[in-house]
Amino acid sequence: MDKLKKYTNLEAQIKGILEGETDAVANMANVAALIHFEFGFWWTGFYLVKDGMLVLGPFQGPVACTRIPCGRGVCGTSWKKAESVVVPNVHDFPGHIACSSESLSEIVVPLKKDGEVIGVLDIDSREEATFDKTDRECLERIAEILVQHI
Ligand code: SME
């Protein structure tokens, strides 16, 4: 199945599971699990803005760092710029925070509510250049859907 088809199926599953549920942690946990196991990524999860930092939220994958300052790493950069960041090879990204030595490429998509970044969706892959324009567009749409349910 091609990537776009997978995202189309995923979006339908996400809409279904979020319907009627407003609990933020429950919804982020299920969205992380759905994305993670659809594609077999290495790490899929959320960081949430709390007291001026990004703090680890629901995720699937190995243990990760708990706090990331604004502008630091890929997550902090996405937060600061309020836009998605696609990193084909994390070794080429200055300031990348290596939570796992296995991660090789990464995408971070901001969660925006009323024009403000309230957190980020972070995905790590063990392969190089996993994420492209399709991932970015589809994950941004998933982030928009999720934000309506948190
Ligand atoms: N690599 C991220 C840190 C979070 S982990 O990948 C889960 C970064 O540079 O912001």
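At 79% relative accessibility, Asp51 counts as exposed (over 50% relative accessible area; buried is under 20%, partly exposed in between; 1.4 Å probe, protein chains only). This is a predicted model, where local features need pLDDT of at least 70, side-chain atom pairs count only at pLDDT 80 or more, and totals for chains, interfaces and linings use all residues. Residues are numbered from 1 along each chain as its sequence is written, and side-chain values use heavy atoms, with hydrogens and water left out.

Colleague: What is the phi of Asp51, and in which loop is Asp51 found?
Modeller: Most residues other than glycine have a negative phi. Asp51 is found between strand E1 (43-50) and strand E2 (53-60); strands are DSSP runs of E, at least two residues, and helices runs of H or I, at least four, numbered from the N terminus. Its phi is positive, about 50°.

Colleague: Is Asp114 buried or exposed?
Modeller: Asp114 lies in the loop between strand E5 (105-113) and strand E6 (116-125). Its phi is positive too, near 50°. At 78% relative accessibility, Asp114 counts as exposed.

Colleague: Which residues of H1 are buried?
Modeller: Helix H2 (24-39) and helix H4 (133-147) are among what covers them, by contact (heavy atoms within 4.5 Å). The buried residues are Tyr7, Leu10, Glu11, Ile14 and Leu18.
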